[in-house]
Amino acid sequence: MNTEYNPQAVESKWQQSWQDTNLFRVDMKGDKPKYYLLEMFPYPSGRIHMGHVRNYTIGDVVARYKTMRGHNVLHPMGWDAFGMPAENAAIASKIHPKKWTYENIDYMRTQLKKMGFSYDWNREIATCDPEYYKWEQLFFIQMYNKGLVYKSRAFLNWCEQCKTVLANEQVVEGQCWRCGSQVFLKEHDQWFFKITAYAQELLDDIEKLKKGWPERVLSMQKNWIGRSTGTLIRFQIEGTSDDIEVFTTRPDTLYGATFMSIAPEHPLVKALSAGTGQEDKVRDFVNKTLQVDTFTRTSDLYEKEGVFTGRYCINPLTGFKMPIYVANFVLYDYGTGAVMAVPSHDQRDFDFAKKYGLKIIVVIQPEGESLDSETMECAYEGEGVLVNSGEFNGMKNTDAMEAITKHLQAQGRGSATVNFRLRDWGISRQRYWGAPIPMVYCEKCGTVPVNIEDLPVILPENVELTGTGISPISQDESFVNTTCPACGGKARRETDTMDTFVESSWYFLRYCSPHSHDKPFDKAEVHYWMPVDQYIGGIEHAILHLLYARFYTKVLRDLGYVDFDEPFERLLTQGMVIKDGAKMSKSKGNVVDPEDLIKNYGADATRLFCLFAAPPEKDMDWSDKGIEGSYRFLSRLWRLVFDMKDQLRSADASADVPPKSMEALKRKTHQTIKKVTEDIEKRFRFNTAIAAMMELVNDLYRAKETASSPGEFAVVREAVQSLIVMLSPFVPHITQELWEAMGNTGQLLRMSWPEFDPNWCEEQEVTVAVQVNGKLRATVTVAKDADQETVEERAFAEANVKRFLEGADIKKVIYVPNKIINIIAPLR
RNA sequence: GCCCGAGUGGCGGAAUUGGUAGACGCAAGGGACUUAAAAUCCCUCAGAGCUUGGCUCUGUACCGGUUCAAAUCCGGUCUCGGGCACCA
């Protein structure tokens, strides 16, 4: 053992040892309770960043802790390896995405090993491996056969920069989640996963997640699913037998519906305007609107405009001829893409009606007021009583909602319905580096799934990447041209690839049996390990990945693969790593490279600071000075053991009765064990756990000065030994080295977690605060659980207490044992 | 606009059930050791005041309330962060 703490030497020594002994290998043998700890796997972008370091350090503490508590812990790692950066790198520097990806994986694996994370590398997976995406293609076909996958032509979010469509979840404030450029709507053929079929279940099962997931994530998911109840109403288009369908949450205002607004993307637009003389105007308006990016279109400031289609529809209750407008504010995506407009009771419709001179009819009167459609200056959106509403006049509007819906139902013109904001998940990507969609287009048979025996549909490697926006594999004739699985005739393959979020929707299942060749995963293995007991990752996936994975789990359940409803029992969303008040980014120049930290301070100091600087769920401020503090602490720990190593080696840690001089240290030791155990177990508060261990080190430095006899060193040894074991999940390398230096053998990961003795956790003397009229006037030290009389006697003896009691009558004394005594004594 | 969270020293943060606010660390200042520096060790460190080895007052975004006692509970306000949002 060296005098000086040299992290590099210590860390590489033990990393080698762990690898050589397969220390982190797990399987489902044994009678220990299982524990599945999962961190969100990284995209192999090239190097790990501080966000990974923080995420995986938190996970590693829990994994090691649970192992030491006697659990059989599955702690896997892999690569979310399909995705656009690989392709962009290929376009920019002519490296094949596969080569680029696998080189990155190799480098990042080395980096993760240098951090000392306890992954079972035997279970490593990369989603770009055909052995992985083969099963995804199988799921796709099975979902297709079950009606959970369909193809449709629709207006979709298009990112010009990435040359691909995006799912709704991947558009943030009208911008691409990946590159930040503006998103436009563009008409496309797309494959969809029918996530809406699970909308209600996804919402209902949030209840099951309440005990283990952060409230914040659940409320975001609830918002996203966006359930609202209302009425579906069919309006007949004048002069035809066709209908326009509308979803409304205000059927009570139907008598006031005086016109109709439909989205520019609505498929009826063309037909409606045909032959009315409005055709040109409508076409120009639609084209103009479609050119506006999504962000502008959905902003409050965007001018509300519309064009009359030249047609009318009939209000089913009043028979009123409602002009049909194409309006730029109507979302094709929500409800039916058409809205019945009630200008008297909806501000937007009111503004629109004023602008285009459309009729306004008041149908709800608020109590004690009388609105007049001629004079009203804004819409009335509140509650009231129905007027101008035929047989419903006089009814409260809240009652009228149901009554009118029933009435419509009887006429065959409407029905009560539930509408979700959630849209089906569009998964086609017009990009190369992804899993091919296993479908074939046959001239005779139409769209046909690939035969299951023919999977995987391998992504061709010999392609040219130009970045022009045409799917590269569509250029590969040998890939595209195939035979129809049904009739054997000439056919063409689908050339879009799947959204990479599909891969991350089930990778946690593959980890359970990563080498399974004949099926996606072994049922018994999955049954043993799943669900994930603790999932850890960034809040940025609150909706995206976490919603998709929940959906996919339910689909796989319905396909008979798994028998649980939710994949992740508990979720911890860790905060971002911030420096100088901003998220680390190249453009801001505030990036800290973990590799430099490992080089300068070692992995242990890096891990320690990540855990100590803030509680895991909060954003963490990076501080260059802070990591020096962590390094200082580890050096202090090193010296402590080094200075005493001879005495510690010869001391007997099992001596039961400590000498008087060491009672305080023994007490502190057991208090620290209790605190650290509870902080990890109950609260995930690693920062306070570390603070407690720092206190113990401070006390040990004091004890070191006074200890001389073997009996005293026995207590010191117990303290140091417990400390090293407890610190090992946090800083596994230095602790292992010190463990050995003290004359112990074996891996700390195989040691059991120290137990505290409750008798030694309690102080025998306590400091009781003495208050007079609620203000602190003194403190007295008394025996633990001293009775009130004793404490009172001591309290009254305090000079400062006497001073404040002078000229006062003691009315009442409140005593909380071991804490506080409050003397209530108002002045005379 | 609706729905969540948060607000404590110069800074990161602690106070777990309402019971001594500021643990632990960083920064800063002072001292010891040293030829010197680094490292290390020790001390001070919320603000104001005073009769200064100690004591008083104020203090957990702001205003008010409940309570013997509030950072913690309740009502209101402000600020910041996040989500949803022309959602029919």
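Here is a short tour of one buried residue and one open sheet. The model is predicted, so local features need pLDDT of at least 70 and side-chain atom pairs count only at pLDDT 80 or more, while totals for chains, interfaces and linings use all residues. Residues are numbered from 1 along each chain as its sequence is written, and side-chain values use heavy atoms, with hydrogens and water left out.

**Stop one: Asp-499**

Select Asp-499, in the loop between β23 (497-498) and α15 (507-510). Helices (H or I, at least four residues) and strands (E, at least two) are DSSP runs, numbered from the N terminus. Asp-499 counts as buried because its relative accessibility is 3%; the cut-off is under 20% relative accessible area, with a 1.4 Å probe and protein chains only.

Contact means heavy atoms within 4.5 Å.

**Stop two: the sheet**

Next, show β2, β1, β24 and β25, which form an open, parallel sheet in that order. Strands pair if DSSP finds at least two bridges between them. At the edges lie β2 (72-74) and β25 (571-574), each pairing on one side only.

Zoom in on β24 (residues 534-538), which four bridges join to β25. Pick Gly-537 there; its bridge partner in β25 is Thr-573.

Finally, select helix α2 (residues 50-68), which packs on the sheet and touches β1 (34-39), β2, β24 and β25. The direction of α2 makes about 175 degrees with that of β1; axes are lines fitted to C-alpha atoms, for helices over the stretch in contact, and angles run from 0 to 180 degrees between N-to-C directions.

Technical notes: Chains lettered and ligands numbered in written order. Buried < 20%, exposed > 50% of the residue type's maximum accessible area, 1.4 Å probe, protein only.
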